[in-house]
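Colleague: Could you walk me through this one and tell me what stands behind each label? I would like to see the values set against the definitions.

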Amino acid sequence: MLRRKPTRLELKLDDIEEFESIRKDLESRKKQREDAEVAAAGEEAAAAAAVALGADHKSREQIINDRIGYKPQPKAGGRAAHFGTFEF
């Protein structure tokens, strides 16, 4: 393996200024994103509390079905439905 002298890197004032401006921009974006997430979480909690306090009490299964968009079909009404299909 050939050895060579280490390459010297020089940091210029323009490079430092560019780094600082990019860092500040990223920090401001991060702060805005965190503020938006906190606001969204607060709205979701308020909506969940309103649903929980409302007159319409749903079971856990119904809440999950609503959230994922599943609409189960009602099952047949039992024996009466079965006898209605037979012909005597």
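Modeller: Happy to. Let's start with burial: buried residues make up 1% of the 88 residues in the protein. Buried means under 20% relative accessible area, exposed over 50%, and partly exposed in between, with a 1.4 Å probe and protein chains only.
This is a predicted model, in which local features need pLDDT of at least 70 and side-chain atom pairs count only at pLDDT 80 or more, while totals for chains, interfaces and linings use all residues. Residues are numbered from 1 along each chain as its sequence is written, and side-chain values use heavy atoms, with hydrogens and water left out.

Colleague: How confident is the predictor, and where is confidence lowest and highest?

Modeller: On the pLDDT scale, the predictor's confidence in each residue from 0 to 100, the protein has a mean of 78, and 69% of its residues reach 70 or more. Helix H3 (residues 79-83) has the lowest confidence, at a mean of 56, and H2 the highest, at 88.

Colleague: What makes up the secondary structure of the protein?

Modeller: There are 3 helices and 0 strands, in the order α-α-α along the sequence. Helices are DSSP runs of H or I with at least four residues, strands are runs of E with at least two, and numbering starts from the N terminus.

Colleague: Which feature does UniProt place at residues 9-36?

Modeller: The unreviewed UniProt entry puts "coiled-coil region" there; its positions are given in the numbering used here, feature names are shortened, and annotations may be inferred rather than shown by experiment. In the model, residues 9-36 are 86% helix and 0% strand, with the end C-alpha atoms 40 Å apart.

Colleague: Why is the pair Arg23 and Glu20 called a salt bridge?

Modeller: Side chains of opposite charge can pair when their charged atoms come close. The term asks for a side-chain nitrogen of Lys or Arg within 4 Å of a carboxyl oxygen of Asp or Glu. Arg23 and Glu20 have an N to O distance of 2.5 Å, so the pair qualifies. Both residues lie in helix H1, 3 residues apart, about one turn of the helix.

Colleague: What else does Arg23 form a salt bridge with?

Modeller: Glu27, with the closest N and O atoms 3.4 Å apart. Arg23 and Glu27 are 4 residues apart in helix H1, again about one turn.

Colleague: How many salt bridges does the whole structure have?

Modeller: A search finds 3. One of them joins Asp25 and Arg29 at 3.4 Å, N to O. Asp25 and Arg29 are 4 residues apart in helix H1, so about one helical turn separates them. Asp25, at 35% relative accessible area, and Arg29, at 48%, are both partly exposed.

Colleague: Where is Asn65 found, and why is Asn65 assigned its burial class?

Modeller: Asn65 is in helix H2. With a relative accessible area of 13%, Asn65 is under the limit, so the class is buried. Contact means heavy atoms within 4.5 Å; leaving aside neighbours within four places in sequence, Asn65 is in contact with Tyr70 and Pro72.
Also in helix H2 (residues 60-68) is Gln62, which is partly exposed at 42%. The C-alpha atoms of Gln62 and Pro72, 10 residues apart along the chain, are separated by 9.6 Å.

Colleague: What makes Leu11, Leu13 and Ile16 a patch?

Modeller: Patch residues have over 30% relative accessible area and no salt bridge; like charges are joined within 9 Å, and nonpolar side chains (Val, Leu, Ile, Met, Phe, Trp, Tyr) within 5 Å. Leu11, Leu13 and Ile16 form a nonpolar patch with about 330 Å² of accessible area together, an area from the Shrake-Rupley method with a 1.4 Å probe, where only the protein chains shown count as cover for residues. Leu11 sits in the segment before helix H1 (13-53) and is exposed, because its relative accessible area is 66%.
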